[in-house]
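User: I would like to go through a structure step by step. Please start with the terms and then take my questions in turn.

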Amino acid sequence: MAGSDLLRPDPATGLAIVIMGVSGCGKSTVAAMLADALGCGFVEADDYHSHANKEKMSRGVPLTDEDRLPWLESLRDAIRERLGRGEDVAVSCSALRLKYREVLRQGDISYKPGSYETCRVKFVCLEASAEVIAGRVERRAAEGGHFMPASLVRSQLDLLEIDAAEGITVVDATVPAHAIVQATVAQFRDELASTAC
Ligand SMILES: Nc1ncnc2c1ncn2[C@@H]1O[C@H](COP(=O)(O)OP(=O)(O)OP(=O)(O)O)[C@@H](O)[C@H]1O
Ligand SMILES: O=C(O)[C@H](O)[C@@H](O)[C@H](O)[C@H](O)CO
């Protein structure tokens, strides 16, 4: 093996890239485009919520940590399955708190708590002002296309926490989605199993 190859992580092991942030920041839009660009699977966290969780949110009641745990565990398992096959996967999930992300990081069976850099589950956080987010969620709710009411945006913003030690890339959510995808692919290119880009 050439010296430079020794420095590169094994690309055959796959990478999970979780596009995270509050409701309406653009996670689903960006993660779906990222999956397309990489030619890999897409896990949409909203599809993994129980009926009870969705019903609760649609009544304007924020989920509790207890409500979220089984949901996060099912997402962890979905990530684990794909990484276990050596595939990349793009995930759209709010992942607002460090302890939620720690559940998702366990999708990498080798993950040791706190070893963020070597973990095969990476996070990119989309960030925008409360006004931009509220505008997007209101517009979407008015069009009747989504269960998440604008009244829950405040609770989402209040819960969002990132520990600087995690090294999470925070991206301006108001730039065009394709540019966010391009920058994300460039950031993780050396660690991806995908050769599509
Ligand atoms: N980069 C962007 N620039 C402008 N508008 C965007 C961008 N990304 C997404 N949007 C728009 O913002 C709205 C919310 O996007 P999206 O549904 O992807 O967000 P989300 O974070 O997945 O929301 P939720 O978590 O509530 O499902 C949509 O109407 C979408 O078209
Ligand atoms: O943790 C949460 O409160 C939920 O995941 C929400 O963030 C919604 O799922 C999503 O944002 C709406 O689509």
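Analyst: A residue is near a molecule or strand if its C-beta atom, placed from the backbone, lies within 6 Å of it. This is a predicted model, in which local features need pLDDT of at least 70, side-chain atom pairs count only at pLDDT 80 or more, and totals for chains, interfaces and linings use all residues. Residues are numbered from 1 along each chain as its sequence is written, while chains are lettered from A and ligands numbered from 1 in the order in which they are written.

User: How many charged residues does the shell around ligand 2 have?
Analyst: The residues around ligand 2 are S23, A45, D46, L63, R68, S94, L96, M148 and Q156. For classes, Ala, Val, Leu, Ile, Met, Phe, Trp, Tyr, Cys and Pro count as nonpolar, Asp, Glu, Lys and Arg as charged, and the others, Gly among them, as polar. The shell has 4 nonpolar and 3 polar residues, and its charged residues number 2.

User: Which helix gives the largest share of the shell around ligand 1?
Analyst: Around ligand 1 there are 17 residues, the closest being S23, G26, K27, S28 and T29. Helices (H or I, at least four residues) and strands (E, at least two) are DSSP runs, numbered from the N terminus. At least two residues of this shell come from each of α2 (27-38) and α6 (130-142). The largest share, 3 residues, is from α2.

User: Which strands stand at the edges of the sheet, and why is one side of each left without a neighbour?
Analyst: The open sheet has 5 strands in the order β2-β3-β1-β4-β5, with parallel pairing. Two strands pair if DSSP finds at least two bridges between them. Each edge strand has a single partner, so one side has no neighbour in the sheet; these strands are β2 (41-44) and β5 (169-172).

User: What is the mean pLDDT of the chain?
Analyst: pLDDT is the predictor's confidence in each residue, from 0 to 100. Over residues 1-5 it stays under 50. Where pLDDT is low, the predicted coordinates should not be read in detail. In the chain, 93% of residues reach 70 or more, and the mean pLDDT is 92.

Notes. Two residues are in contact if their C-beta atoms, placed from the backbone, lie within 7 Å.
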